[in-house]
Amino acid sequence: MERIEVKLGDKDPIIIETGHYAKLSDGAVVVRQGDTAVLVTAVMSENPIQNIDFVPLTVDYREQSSAWGKIPGGFIKREGKPTEREILVSRVIDRPIRPLLPEGFPYEVVITALTLSADDKYDPDVLAITGASAALHISRIPFDGPIVGLRVCRVDGKFVVNPTYEERQRADLDIIMACSESAIVMVEGGAKEVDEETFMDALYFGQSSALELLRAQEELRQRVGVPKVQFEGLELPAEWQKLLEEQCTERIKESLKIQDKRERKSLQAKILEEFIANNQVPQELAFKVGYQYKKLISKLMREMVLTEGKRIDGRGPKDIRPITIEVHPFERPHGSAIFTRGQTQAFATVTLGAPEEAQLVETIYEGETFKRFMLHYNFPPFSAGEAKPWGPPRRREIGHGALAERALEPLIPPQEEFPYIIRVVSNILESNGSTSMATVCAGSLALFDAGVPMKKHVGGIAMGLIMEGERYVILSDILGDEDQLGDMDFKVAGTRDGITSVQMDIKIKGLTREIMRSALMQAREGRLYILEKMYSAMPEPRKEVSPYAPKIEIITIPEDKALTVIGPGGKNVREWREKLGVSVWVHEGGRTSLTSMDREAIEKVKAIIMKLLEDVEIGKVYEGKIVRVEPYGVFVEIMEGKTGMLHVSKMAERVKDVRARFKVGDTIKVKVLDIDERGRPNLTTIGIDQPA
């Protein structure tokens with residue numbers, strides 16, 4: 001077994017081990033920090049896949065409850081389909097790794113990360129990124145690495161690399177990043193309205209912290225690495241490449257002047273079909289011709305931007321597409337908005353719910369917790385003009401939803417101020433770039449429309465970069481084609497005062513600090529422009545929630561009275577829900593919510609609870625109702641939920657037959673003599689005048 005240890009700041013060292021576990025994989029490492037350990041394997045198929053123009057990479061990250069000493073929740077008591085957390089971590093491993101596998105690589109590659117042990121200090125997600133790089137680097141799989149995965153937080157004004165969970169709770173910036181020695185490759189994270197300079201400082205602090213881990217992976221490859229696989233790429237014979245460029249270049253340039261996405265795509269497809277037919281392209285070359293045709297489109301589009309400063313749709317680099325906003329287009333959702341930017345359109349709705357409707361989430365470091373703000377993003381195929389069925393959420397949808405949720409969450413008011421559970425749903429109706437940022441904008445507008453007392457709007461913009469040598473152009477509000485053909489996809493969301501969410505994928509090396517600063521400042525300029533449009537449409541949240549939203553009242557009860565309110569076996573709570581339509585939920589600390597569509601019903605239940613909380617006073621006379629009759633006395637309910645016994649020996653008049661004298665439902669005046677050790681009042685009628 002080979003082992004390398006690297007110290008990062010004042011944290012526990014990161015240890016990379018190989019040669020002991022999963023030895024049938026092409027590459028396998030265990031990465032440890034503290035008592036957290038992740039096994040990461042990389043396996044390549046033996047046979048190539050024919051005619052594919054993408055890297056057939058699959059990444060699966062799995063966490064099992066046993067890793068942190070828990071039994072899974074639910075009825076089945078075993079892990080099933082990947083959780084949202086596992087999908088999101090799989091994505092942050094996949095995104096920096098995929099561009100570093102060779103273009104046109106036809107072999108299927110599967111990376112699997114399994115958390116073996118999880119402590120209460122270190123998150124295994126960033127260790128898995130480093131593990132994926134190390135496993136690939138020592139294997140036969142071609143890989144332009146290594147890279148390192150790190151988390152950078154700003155805690156009490158200072159940057160911390162791979163912080164503990166406790167430190168993350170105090171952070172105002174929390175990002176995951178992957179970097180090589182010469183480039184930042186991927187960034188994912190959020191912040192509490194930090195400025196652009198602080199964000200950039202965090203990135204370069206992280207990159208400088210990664211150097212030792214990069215050298216450790218190089219050393220590991222020198223010790224145990226094997227030769228890399230050689231493969232034939234998707235290059236065309238020189239004569240065919242020349243012919244393709246000669247016959248298609250001018251026609252492609254003309255197609256790039258068409259602003260409508262569908263028309264442009266249709267013409268470009270026709271150009272390729274005619275080239276193949278007119279030149280009788282051999283079947284064995286047809287796929288490579290199609291691949292190189294796409295590359296030619298990319299090359300020409302990039303050159304048009306770099307030399308002419310013009311984009312596909314005729315805009316300049318900083319121009320933002322026309323924006324239209326519809327607030328409250330439909331009546332029944334508690335809040336709704338449609339945000340349209342060019343050919344991208346997001347319809348967001350807000351639903352307000354009772355506190356008990358919070359989502360139960362199980363995490364490594366917190367166990368079971370309740371999540372009160374949720375954002376779900378949907379991408380139906382019709383939004384891209386595709387004739388496909390609409391299936392369950394895919395990884396991309398979950399990732400985009402998490403990005404938008406992270407952008408809005410810092411502005412969601414605390415539960416003490418606004419007691420509702422909040423769900424935002426974004427359905428993309430048209431897609432031509434930057435749908436996740438359109439979701440942020442539509443979601444913020446819908447929250448304002450729903451009467452959620454957010455202090456500020458949150459807007460988002462997707463940035464791009466085209467760079468050739470010393471020449472570069474930063475693009476604001478990129479289209480789908482510019483995302484695919486550019487060198488950087490950089491999504492930034494935030495308020496007028498700072499950044500709340502970022503997602504960045506960089507496909508090139510040599511991105512300087514100045515270019516990064518320019519991109520951030522241009523993104524800020526675009527974000528402020530979009531926010532002005534949003535404030536014009538909806539300057540402040542509505543003062544009242546929708547009449548179709550439930551009504552909620554919060555009261556505080558003594559914690560030791562919770563069982564009294566709930567009733568034996570939940571009797572009281574069940575009756576209020578079934579008979580009055582009021583849901584009562586007692587939270588930690590005695591904070592109690594009353595939820596119903598009927599305000600009067602809430603007031604009625606509130607009055608009952610207040611009576612339940614009253615203490616019985618010794619010596620006080622009460623008029624009660626007989627609820628039970630026994631030979632030795634009667635039981636009298638003197639207050640809601642408070643029943644005492646009136647023994648025959650404590651009755652003012654002698655009673656021979658209690659059951660003949662008293663009936664259930666009779667009212668009677670009684671005085672409290674004392675209260676027994678179990679809190680039950682003992683009653684008497686001596687000295688009390690009873691009604692005739």
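**Note on selected residues and segments**

1. Apart from its neighbours within four places in sequence, T130 is in contact with I16, I147, V148, G149 and Q217. The model described here is predicted. T130 belongs to helix 2, which covers residues 124–138. Its relative accessibility is 2%, and T130 therefore counts as buried, the limit being under 20%. One of the contact residues, G149, has its backbone nitrogen 3.0 Å from a polar atom of the T130 side chain.

2. S139 lies in the loop between helix 2 and strand 7 (148–155). S139 is classed as buried because its relative accessible area is 0%. A polar atom of the S139 side chain lies 2.8 Å from the backbone oxygen of L136, and the side chain of S139 also reaches the backbone nitrogen of I141 at 3.1 Å. Beyond neighbours within four places in sequence, S139 is in contact with D26, G27, R221, V226 and K228.

3. Helix 12 spans residues 513–537 and has 25 residues. From its first C-alpha to its last, helix 12 reaches 36 Å, close to the 36 Å expected at 1.5 Å a residue. Its buried residues include I515, A519, Q522, G526, R527, I530 and M534. An α-helix has 3.6 residues a turn, so residues three or four places apart point the same way.

4. An unreviewed UniProt entry lists residues 619–686 as "domain: S1 motif". In the model, the chain over residues 619–686 is 6% helix and 53% strand. The end C-alpha atoms of this segment are 12 Å apart.

Notes. Residues numbered from 1 in each chain as written. Predicted model: local features only at pLDDT ≥ 70, side-chain atom pairs only at ≥ 80, totals over all residues. Heavy atoms only, no water. Helix = DSSP H or I, 4+ residues; strand = E, 2+ residues; numbered from the N terminus. Buried < 20%, exposed > 50% of the residue type's maximum accessible area, 1.4 Å probe, protein only. Polar contact = N/O pair within 3.5 Å; in protein donor to acceptor, adjacent residues only side chain to side chain. Contact = heavy atoms within 4.5 Å. UniProt positions renumbered as here; feature names shortened; annotations may be inferred. Expected span 1.5 Å × (residues − 1).
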